Amino acid sequence: PPHWKFSRRDWTEFKLMYGMLFSIRSFVSKMSPVDMKDGFLSFQTSKYKLHYYETPSGLKVVMNTDLGVGNIQDILHQIYSYIYVEYVVKNPLCSLNESIQSELFRNKLDSFVRALPFFSARAG
């Protein structure tokens, strides 16, 4: 099973990523002529592509991929609907306002991501 112990450096990176996403989403909402639901789907750098999905309740699902990966909104929705909802929301031992501690959730998510056609073992 994957080890999901995060260092202080990891948490700093998570906070920076959240800040970046918040800023980009805010900018796009002001500039986009379309509904914000479809306004910000991905962000690309010279090294990776960040894919973004936000649920109606405000939960954010983010995945980084190689640059060549196309739109994966359906995959992010599946992660939310079939993994997060099933193994976190419906789990009475999980608190929705805390870090996810469920090994079952982590294992299901890990298996799902590793089975994606664009997943590369060298990245894992």
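This is a predicted model: local features need pLDDT of at least 70, side-chain atom pairs count only at pLDDT 80 or more; totals for chains, interfaces and linings use all residues.
Two strands count as paired when DSSP finds at least two bridges between them.

Three strands make an open sheet, ordered β1-β2-β3, with antiparallel pairing. β1 (42-44) and β3 (60-65) are the edge strands. Each has a single partner strand, so one side of each has no neighbour in the sheet. On average, neighbouring strands are turned by 15° against each other, direction ignored.

Now take the two pairings in turn. β1 and β2 (residues 49-54) run antiparallel and share three bridges. Gln-44 has Lys-49 of β2 as its bridge partner. The two strands form a hairpin, with four residues between them. β2 and β3 are also antiparallel, here over six bridges. In that pairing, Tyr-52 stands opposite Val-62 in β3. This pair of strands forms a hairpin too, with five residues between them. Its turn holds Gly-58, which has a positive phi of about 100°. As a rule, strands of a sheet pair through backbone hydrogen bonds, either parallel or antiparallel.

How many of the six residues of β2 are buried? Five are, so β2 is largely enclosed by the rest of the structure. Leu-50 lies in this strand. Its relative accessible area is 0%, so Leu-50 is buried, the cut-off being under 20%. Leaving aside neighbours within four places in sequence, the contacts of Leu-50 include Met-17, Met-20 and Leu-21. Phe-40, Leu-41, Ser-42 and Phe-43 also touch Leu-50, as do Val-62, Met-63 and Asn-64. Leu-21 is 29 residues from Leu-50 in sequence. In space the two are 9.7 Å apart, C-alpha to C-alpha.

α2 has 17 residues, yet its end C-alpha atoms are only 20 Å apart. A straight helix would reach 24 Å at 1.5 Å a residue. Where does α2 bend? The bend is at Ile-83, by about 35°.

Which residues of α2 are buried? Among them are Gln-73, Ile-75, Leu-76, Ile-79 and Tyr-80. Further along, Ser-81, Ile-83, Tyr-84, Val-85 and Val-88 are buried as well. In general, an α-helix has 3.6 residues a turn, so residues three or four places apart point the same way. The cover over the buried residues of α2 includes β2, β3 and α3 (103-114).

The largest nonpolar core has 17 residues. Within it, Leu-76 and Ile-79 have the most contacts. β3, α2 and α3 are the elements that give two or more residues to this core. α2 gives the most, with eight residues. Leu-76 reaches across to His-51, Tyr-52, Tyr-53, Val-61 and Met-63, touching each of them; residues up to four places away in sequence are not counted. Apart from this core lies another, of six residues, among them Leu-21, Val-28, Phe-40 and Tyr-52.

How values were computed:
Residues are numbered from 1 along each chain as its sequence is written. Side-chain values use heavy atoms; hydrogens and water are left out. Axes are lines fitted to C-alpha atoms, for helices over the stretch in contact, and angles run from 0 to 180 degrees between N-to-C directions. Buried means under 20% relative accessible area, exposed over 50%, partly exposed in between (1.4 Å probe, protein chains only). The expected span of a helix is 1.5 Å times one less than its number of residues. The bend at a residue is the angle between axes fitted to the seven residues ending there and the seven starting there. Contact means heavy atoms within 4.5 Å. A nonpolar core is a set of buried Ala, Val, Leu, Ile, Met, Phe, Trp, Tyr and Cys residues joined through side-chain atoms within 4.5 Å.
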